[in-house]
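Please find below a note on the model, arranged as numbered points.

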Amino acid sequence: MGRFVSHKEFMEIRKSLRKERKKVGLCHGVFDLVHPGHMMHFREAKNMVDILVVSVTSERFVRKGPGRPYFNDAMRLNFLSEIECIDYVMLSEGFTSDDVIETVEPDVYIKGQEYQNMEDDITGKIVEEVELVRKHGGSIAYTEGQVFSSTNLINNALPSLSEEVKKYMKKFCKFYKLDDFKQLLVKIQNLKVLVVGDAIIDKYTYCNVQGLMSKDMGYSARYKQEEVHLGGSLAVARHISAFTENVTLASIIGDEPDVHSQILNELSDRMYLDLEYSKEWKTITKQRFITINEKRDELHKVFSINNLPDIVGIDDGLMKRFEKKMQDKIGGYDIVVVCDFGHGLITDSVMSVLQEKAKYLAVNCQTNSSNYGMNIITKYTRADFFALDQKELKLAYPSYNISEEEALVNLCKHLKGKGWLTRGALGAYSAENGKIYDCPAFVLKVKDTIGAGDAFYAVAVLFAAVGASAEETVFAGNIAGALAANIVGNREGIEQVNFLKYASTLLNI
C-alpha cells in the first residue's frame, strides 16, 4: 500500500532508492474518482518500475470548472494510499506536475495512452513536463489499458451537475464537440479588438459584522483587510486578452498614481493601453464592504459607496480629443466592444461615432444604483451583438404584458443585431432571427456574482464575432459566467485554458 509523503520526505527517500538502484516511476493526475481504468494504469505502470509514485493535483489547482474536484485532497490521497501497487502518494501544489517531477526525478514518467498525441492536450503543458523529465534523465512511457473517464462518471453518477444541465448537455453534445470550440478559438486569436468604456476600480473591504450600533441602527463591524481589483472596461479587456493578443483598451482615467501603476502592472503586457488622463476627473472607484461565510466560502455585501460626482461629466477638451481618436482609429478593428456603465465616457456624440464607424459593434449598456433609469440600452440604434440582464431588459420594455422572450426579440429588431439575456440562476437566453435559445446555469453554488455578467459578455461576443451559432455563443458565455462567479470580484480574468477545461468537462456527458 502507498504511503503519503511530503516533498521534503521523498527527497531523502530518493537518495536511498538511488543507492539501491531502484527504478522509480511517476504517475500524475487529478484522480477525482478512481475507476477500473486507473487501476489497470497503476498496475501496468508498476510492472515497468520497482517503485511507483502517484501524485495528485491539489484541489485549488484543478481546472475542470466550478465544483471540481468532487473529492477533496485528503479523500483522494487516502484512497490512493490504499492501493497495493502504489508505493508513495504525493500532493502536487501547481497547475502542472513540475514540482513533483523536480522532487521525484522519475526514471519513467508514465501517462495513459490518451496522452500520446500531445497536440490534444488542452493545457499545452505536457510537452514541458516531458522535457523536464528528460532534463533529469528520465523517459516517457504510456500504458495501454482501457480508457475510462472520471469526468463522465462524475457527471452522470454523482450530483455534480443538476438534472437540468445533464439533460441540456446530452442534447447539446449531439451537435457540438470540443473540437468545434477549439476551431472557433483559433479564429478568435486573429481578431483585432477595441474595447471602449468606463474604467472602474473595485475596492473590496473585508470585515466582520459584530451587530448593530448600541445607540443607532447602523452596523458595527471590525476591519479585516482590503483588495483592489480592475473592473468595468478594464476587466472586460482582460477577459478578452486571454483569447486574442490583438486587444486595445480605450478609456479615460484620473491622474491617481496608484491606479496608473495597477493598470500598467496588470494589463500592459496583455494589451495596448490607449488611455487619456484627466487632472479633473477621478477614476471611478466602487468600494464594497464584505463579510465572508467561511464554511460555505461565500461573500455577502453589507453596503457600498462610490466616488461618482453629483453631475457626471468628463472635461470637454478631453472628451473632444477622445471622440476624435475614436473617429480616426475605430475602422481599423474587426470588432468594437462597448462597456457603457453610464459613468460619463460614452456620451451621445461618442455613441454616434461608435455606431457609425465600427465594422462590428458589441454593446453592453449597464444599469446600476447610480444611473438607474438613465442608461437604457434602447438609446442605441445599432448593435451587431449585445448583452444585458433581466433588470436592464425590463427598463427597456417596462410592461407586464410582454415576456422576456418577446422583449429580447423586440430589442434585437431595434438594434438590428443578435442578443443575449443573462438570467442569473436561470441561465441565459440567446436571440437570433426571432428565435430564442435557452441555456441553463451550469453552477448554482457561487462565491461572488460581481463580474460574472462582464465575463459572459466578453467571451460570448468573441464567439459570435467569428460566426459561432447562437447555441455555441450562449454555451461559451455561460461557461465564462460560471467561472467568473467562482472568482472573488474581478480579482483575476477568465483564462482560455480554464475555459477549455470546463468546456471539456461539460461536453463529457
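**Notes on the predicted model**

1. Strand 7 (residues 193–197) is largely enclosed by the rest of the structure, because five of its five residues are buried. Buried here means under 20% relative accessible area, with exposed over 50% and partly exposed in between (1.4 Å probe, protein chains only). Val193, Val195 and Gly197 point one way from strand 7, whereas Leu194 and Val196 point the other way, and all are buried. Strands, like helices, are DSSP runs numbered from the N terminus (strands: E, at least two residues; helices: H or I, at least four).

2. The model is predicted: local features need pLDDT of at least 70 and side-chain atom pairs count only at pLDDT 80 or more, while totals for chains, interfaces and linings use all residues. Residues are numbered from 1 along each chain as its sequence is written, and side-chain values use heavy atoms, with hydrogens and water left out.

3. Leu194 takes part in both pairings: it stands opposite Thr248 in strand 10, and its bridge partner in strand 14 is Val336.

4. An open sheet of four strands has the order 9-8-12-13 and mixed pairing. Strand 9 (219–232) and strand 13 (298–306) are the edge strands, each pairing on one side only. On average, neighbouring strands of this sheet are turned by 25° against each other, direction ignored. Strand 8 (residues 199–212) and strand 9 run antiparallel and are joined by 13 bridges; Ala199 stands opposite Gly232 in strand 9.

5. Two helices lie across strand 8 and strand 9. Helix 9 runs at about 55° to strand 9, and helix 10 (residues 257–267) likewise runs at about 55° to strand 9. Axes are lines fitted to C-alpha atoms, for helices over the stretch in contact, and angles run from 0 to 180 degrees between N-to-C directions.

6. The axes of helix 9 (residues 233–241) and helix 15 (residues 452–465) come within 9 Å and cross at roughly 45°. Helix 9 is therefore oblique to helix 15; angles under 35 degrees count as roughly parallel, over 145 as roughly antiparallel, 65 to 115 as roughly perpendicular and the rest as oblique. The contact (heavy atoms within 4.5 Å) involves Val236, His239 and Ile240 of helix 9 and Asp454, Ala455, Ala458 and Leu462 of helix 15.

7. Is His239 buried or exposed? His239, found in helix 9, is buried, with a relative accessible area of 3%. Leaving aside neighbours within four places in sequence, His239 is in contact with Gly451, Asp454, Ala455, Ala458, Asn490, Glu492, Gly493 and Ile494.

Technical notes
Two strands pair if DSSP finds at least two bridges between them.
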